[in-house]
Amino acid sequence: MKRWENPERVRVIIEFAVKSSKYPQTVVVQDFQSRRDMGITDDEILQIANVASIAVYLDTMADTFKVEVDQEYKNVLGQ
Amino acid sequence: MSEFRKMGFKMIEEDSASAEVRQLYDDFKRNFQSPTVPNYIKAFGESPESLRLYMGVMSSVYQNLSLPQALTAMICFTIATKNQCLYCSSLHEVTCRTLGVDEDTLTALAEDLNEVNPLRIRAIMEFAVKAAKKSKEVTAEDYENLRNLGVSNNEIMQIVFIAGIAVFNDILADSFKIEVDPEVNEALGKS
């Protein structure tokens with residue numbers, strides 16, 4: 001199994017990304033250490049946090065301007 | 001020990017950075033006309049990829065915005081204050097002061113937007129905070145209110161862009177508990 005195919009590893013990455021993006025002031029040392037214990041490097045943690053922040057930035061833009069979902073995306077999602 | 005280091009990360013100083021990261025630090029100082037590399041940048045020293053991503057975003061912001069610098073700084077300061085992000089509110093307070101924002105306005109931005117004058121600036125700040133904190137609740141009336149005060153669609157879009165960037169910065173600073181730079185504390189009389 002490749003590193004990124006480990007579902008437990010992916011789960012803790014997503015949990016960290018959500019916590020840092022929604023409640024950054026509640027992030028504590030254990031959040032980082034538990035990721036390191038799973039083999040996630042500090043470099044990767046920094047990149048994950050950057051991506052999470054970019055996601056919030058994009059959400060802010062899309063929601064503020066009420067941008068409609070493209071029909072092509074709806075088609076792919078069967079909507 | 002700083003909160004950032006307690007989280008298990010290394011603050012990479014200029015003299016211990018790899019050649020790649022040192023080049024990025026030099027790019028930062030040149031592009032942002034900064035005599036020093038702030039903690040926010042050194043915090044990414046372990047991840048050149050993150051550093052490049054971050055600097056790419058911020059360089060693009062400052063090269064392409066046409067809003068007045070003071071207005072941009074006021075938006076960032078106000079949102080950082082509402083998000084209780086100490087690093088960003090401190091940094092943007094220094095920027096506001098450097099750009100001539102007066103004491104009464106800074107107090108109003110931090111404590112009570114109803115006290116911000118003139119009305120056009122107050123409306124822009126209220127809108128930016130709403131976009132940053134409650135973007136789903138922004139309505140057509142919010143946009144029309146700004147237009148009635150002479151704010152163009154071009155300016156509105158840039159205001160939202162800055163609001164999003166301010167949130168982006170607050171999240172990173174707070175997630176990693178990045179400490180306020182000593183130069184910033186000194187400028188604010190907190191050292």
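1. A crossing of two helices is called left-handed if the near helix is turned anticlockwise from the far one by less than a right angle, and right-handed if clockwise. Keep that in mind for H3(A) and H10(B), where H3(A) passes H10(B) in a right-handed crossing. Helices here (H or I, at least four residues) and strands (E, at least two) are DSSP runs, numbered from the N terminus.

2. A word on the ground rules. This is a predicted model, in which local features need pLDDT of at least 70 and side-chain atom pairs count only at pLDDT 80 or more, while totals for chains, interfaces and linings use all residues. Residues are numbered from 1 along each chain as its sequence is written, chains are lettered from A and ligands numbered from 1 in the order in which they are written, and side-chain values use heavy atoms, with hydrogens and water left out.

3. How confident is the predictor in the complex, by ipTM and pTM? The complex receives an ipTM of 0.89 and a pTM of 0.94. For single residues there is pLDDT, the predictor's confidence in each residue, from 0 to 100. Chain B has an average pLDDT of 96, and 100% of its residues score at least 70. For chain A the average is 93, with 95% of the residues at 70 or above.

4. Now for chain A as a whole. Chain A has four helices and zero strands, in the order α-α-α-α along the sequence. The C-alpha atoms of chain A fill a box of roughly 40 × 35 × 15 Å along the principal axes. The radius of gyration is taken over C-alpha atoms, and the globule rule is 2.2 Å times the number of residues to the power 0.38. Chain A has a radius of gyration of 16 Å, whereas a compact globule of 79 residues would be near 12 Å.

5. Chain B is also helical: it has 11 helices and zero strands. Its radius of gyration is 17 Å, close to the 16 Å that the globule rule gives for 191 residues, so chain B is as compact as a globular protein of that length. The box filled by its C-alpha atoms, taken along the principal axes, is roughly 55 × 30 × 30 Å.

6. Back to the pair that spans the two chains. Helix H3 (residues 42-65) of chain A packs against H10(B) at an angle of about 150°, with the axes 9 Å apart. Axes are lines fitted to C-alpha atoms, for helices over the stretch in contact, and angles run from 0 to 180 degrees between N-to-C directions. Angles under 35 degrees count as roughly parallel, over 145 as roughly antiparallel, 65 to 115 as roughly perpendicular and the rest as oblique. H3(A) and H10(B) are therefore roughly antiparallel. Contact means heavy atoms within 4.5 Å; among the residues that meet are Ile54(A), Tyr57(A) and Met61(A) from H3(A) and Phe161(B), Ile165(B) and Phe168(B) from H10(B). By class, this contact has 15 nonpolar, five polar and no charged residues. Here Ala, Val, Leu, Ile, Met, Phe, Trp, Tyr, Cys and Pro count as nonpolar, Asp, Glu, Lys and Arg as charged, and the others, Gly among them, as polar.

7. Which helix of chain B crosses H10(B) at roughly 150°? Helix H4 (residues 48-64) of chain B does, with the two axes coming within 12 Å. H4(B) and H10(B) are therefore roughly antiparallel to each other, and their crossing is left-handed. Tyr54(B), Val57(B), Met58(B) and Val61(B) make the contact from H4(B), with residues of H10(B) that include Phe161(B) and Asn169(B).

8. Finally, two backbone details to look up. The peptide bond from Asn117(B) to Pro118(B) is cis, with omega near 0°, and Pro118(B) sits in the loop between helix H7 (103-111) and helix H8 (119-133) of chain B. Lys66(A) is not a glycine, yet has a positive phi of about 55°; its place is the loop between H3 and helix H4 (71-76) of chain A.
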